[in-house]
Amino acid sequence: MKLKYTVLLSAICLWGTCGYGIQLSAQNVPSLKGAVGDRFLTGVALNVNQTAGHDTCALRLVKRHFNSIVAENCMKSAEIHPEENRYDFADADKLVRFGEENGMAVIGHCLVWHSQLPRWFCVDEKGKKVSPEILKERMKKHIHTVVGRYKGRIKGWDVVNEAIEGDGSWRKSPYYEILGEEFIPLAFQYAHEADPDAELYYNDYGMDGQAKRNKVVELVRMLKGRGLRIDAVGMQGHMGLDYPQIEDFEASILNFASAGVKVMVTEWDMSALPTIHTGANISETVAYKKSFNPYPEGLPDSVSQAWNNRMKEFFDLFLKHSDVITRVTAWGVTDDDSWKNNFPVLGRVDYPLLFDRHYEPKPFVKELIENNSEK
Ligand code: XIL
């Protein structure tokens with residue numbers, strides 16, 4: 001039965017109608033970006049399958065509903081700069097071109113991050129940590145080369161990702177171990193040198209927590225105090241049915257804004273599955289158990305309703321603060337694409353995104369579009 005359905009669905013896709021969300025391709029058809037209007041950019045992360053043009057249903061949906069894109073993986077240093085003397089720009093070039101061809105704001109993610117960092121970056125041939133001078137030189141070269149390549153074509157960069165722990169201390173990343181907190185202002189300086197017109201962001205998860213919030217505010221003030229450019233703080237916004245508290249998320253939006261920067265929700269998704277507590281560090285996954293994967297065949301109505309209500313509450317919060325929020329980006333197109341299917345537990349079936357596995361908008365998205373489209 002399931003196979004029959006999948007075959008039928010693929011056939012429908014091949015004929016060019018990939019679900020309600022994208023049946024119409026003309027301009028001015030009801031869309032998410034149309035419903036949001038110019039309150040903030042409506043963004044989505046694309047994977048390499050999509051930028052390579054293979055997932056045409058997803059691409060049609062992206063063109064219809066979103067006006068900003070970001071690379072889910074292909075601009076991270078391990079992908080774009082796998083060896084010291086080798087860059088691989090193929091996927092990133094495609095992403096940027098797709099954004100330009102479709103008049104979208106293209107966001108760069110990310111320049112300095114402890115994860116998806118190629119092994120060579122912080123060590124010498126013997127595997128020993130490099131000196132501060134060498135690391136500075138490598139960072140500078142990496143940032144100048146990557147940002148420089150897309151100069152004038154990328155609206156803004158996540159310059160530093162996840163440098164702060166939940167308790168407000170600096171993460172002991174290789175960058176930190178070698179350069180101390182100085183790696184952060186240096187990264188912002190190099191990015192600005194490479195493209196003076198690009199916006200520059202600090203991006204992190206768990207931004208609802210008070211300790212991290214305070215440290216981020218301190219960081220923004222430190223950068224500004226040194227005369228460095230920082231335009232916005234990115235709140236990743238990886239959520240679950242029981243976290244974060246909406247009041248805490250709102251308090252962070254307001255605190256960041258009062259430090260003199262804009263706010264972006266940069267990687268929005270909401271797991272519909274039981275929350276499994278890990279350090280939220282993406283290298284920490286948990287062994288699979290059947291009880292962790294309760295809805296492999298579809299979400300029960302009650303859970304789906306709870307999920308939709310909570311997503312709507314957050315979306316309403318974003319709209320309420322659209323004077324300071326400049327972009328809201330979903331971390332993937334459909335549920336099938338989501339990293340949450342494999343994090344923090346490998347092999348679960350999750351339902352965290354705005355469009356389902358049949359390319360249909362979730363009920364809260366549909367409602368949002370219907371209530372806001374011009375009559
Ligand atoms: C995730 C991607 O979605 C996965 O495909 C990849 O395997 C790991 O990284 N914070 C970030 C994103 O800033 O880059 C991460 O993306 C999710 C957590």
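Reader: What makes Tyr150 buried or exposed in this structure?

Author: In this predicted model, Tyr150 has a relative accessible area of 1%. Buried means under 20%, so Tyr150 counts as buried.

Reader: Why is the pair of Phe89 and Tyr150 called edge-to-face?

Author: The ring centres of Phe89 and Tyr150 are 6.3 Å apart, and rings pair if their centres lie within 6.5 Å. The planes stand at 80 degrees, and planes over 60 degrees apart count as edge-to-face. Therefore the pair is edge-to-face.

Reader: Why is the pair of Trp339 and Phe343 called stacked?

Author: The planes of Trp339 and Phe343 are at 10 degrees, with the ring centres 4.7 Å apart. Planes under 30 degrees apart count as stacked, so this pair is stacked. Phe343 is buried, at a relative accessible area of 8%. A cis peptide bond, with omega of about 0 degrees, joins Phe343 to Pro344. Pro344 is in the loop between strand S9 (325–330) and helix H13 (363–372).

Reader: How many aromatic pairs does the structure hold, and which residues do ring pairs link into a cluster?

Author: There are 17 aromatic pairs. Ring pairs join Phe40, Phe249, Trp268, Trp307, Phe314, Phe315, Phe318 and Phe364 into a cluster.

Reader: What makes Glu84 and Arg138 a salt bridge?

Author: The closest N and O atoms of Glu84 and Arg138 are 3.5 Å apart. A salt bridge needs a side-chain nitrogen of Lys or Arg within 4 Å of a carboxyl oxygen of Asp or Glu, so Glu84 and Arg138 form one. Glu84 lies in the loop between helix H5 (77–80) and helix H6 (90–101), and Arg138 in helix H7, so the bridge ties together parts that are 54 residues apart in sequence.

Reader: What makes Lys155 and Glu199 a salt bridge?

Author: The N to O distance between the side chains of Lys155 and Glu199 is 3.8 Å. The limit is within 4 Å, so the two meet in a salt bridge. Lys155 is in the loop between H7 and strand S4 (156–161) and Glu199 in strand S5 (residues 199–204), so the pair ties together parts that are 44 residues apart in sequence. Lys155 is partly exposed, at 36% relative accessible area.

Reader: How many salt bridges does this rule give?

Author: The count comes to 14 salt bridges. One of the pairs is Asp231 with Arg229, at 2.7 Å from N to O. Arg229 is partly exposed, with a relative accessible area of 26%.

Reader: How do H7 and H9 pack?

Author: Helix H7 (residues 132–149) and helix H9 (residues 183–194) pack at about 35 degrees, their axes being 8 Å apart. H7 passes H9 in a right-handed crossing. Residues of H7 in this contact include Lys136, Met139 and Ile143, and those of H9 include Phe183, Leu186 and Tyr190. By class, the contact of H7 with H9 has nine nonpolar, two polar and three charged residues.

Reader: Which residues does Lys136 contact, leaving aside its neighbours within four places in sequence?

Author: Lys136 is in contact with Leu179, Leu186 and Tyr190. Lys136 is partly exposed, with a relative accessible area of 31%. Between Lys136 and Tyr175, 39 residues apart in sequence, the C-alpha to C-alpha distance is 9.3 Å.

Notes
Residues are numbered from 1 along each chain as its sequence is written. This is a predicted model: local features need pLDDT of at least 70, side-chain atom pairs count only at pLDDT 80 or more; totals for chains, interfaces and linings use all residues. Side-chain values use heavy atoms; hydrogens and water are left out. Axes are lines fitted to C-alpha atoms, for helices over the stretch in contact, and angles run from 0 to 180 degrees between N-to-C directions. Helices (H or I, at least four residues) and strands (E, at least two) are DSSP runs, numbered from the N terminus. A crossing is left-handed if the near helix is turned anticlockwise from the far one by less than a right angle, and right-handed if clockwise. Contact means heavy atoms within 4.5 Å. Ala, Val, Leu, Ile, Met, Phe, Trp, Tyr, Cys and Pro count as nonpolar, Asp, Glu, Lys and Arg as charged, and the others, Gly among them, as polar. Buried means under 20% relative accessible area, exposed over 50%, partly exposed in between (1.4 Å probe, protein chains only). Rings of Phe, Tyr and Trp (its six-membered ring) pair if their centres lie within 6.5 Å; planes under 30 degrees apart count as stacked, over 60 as edge-to-face and the rest as tilted.
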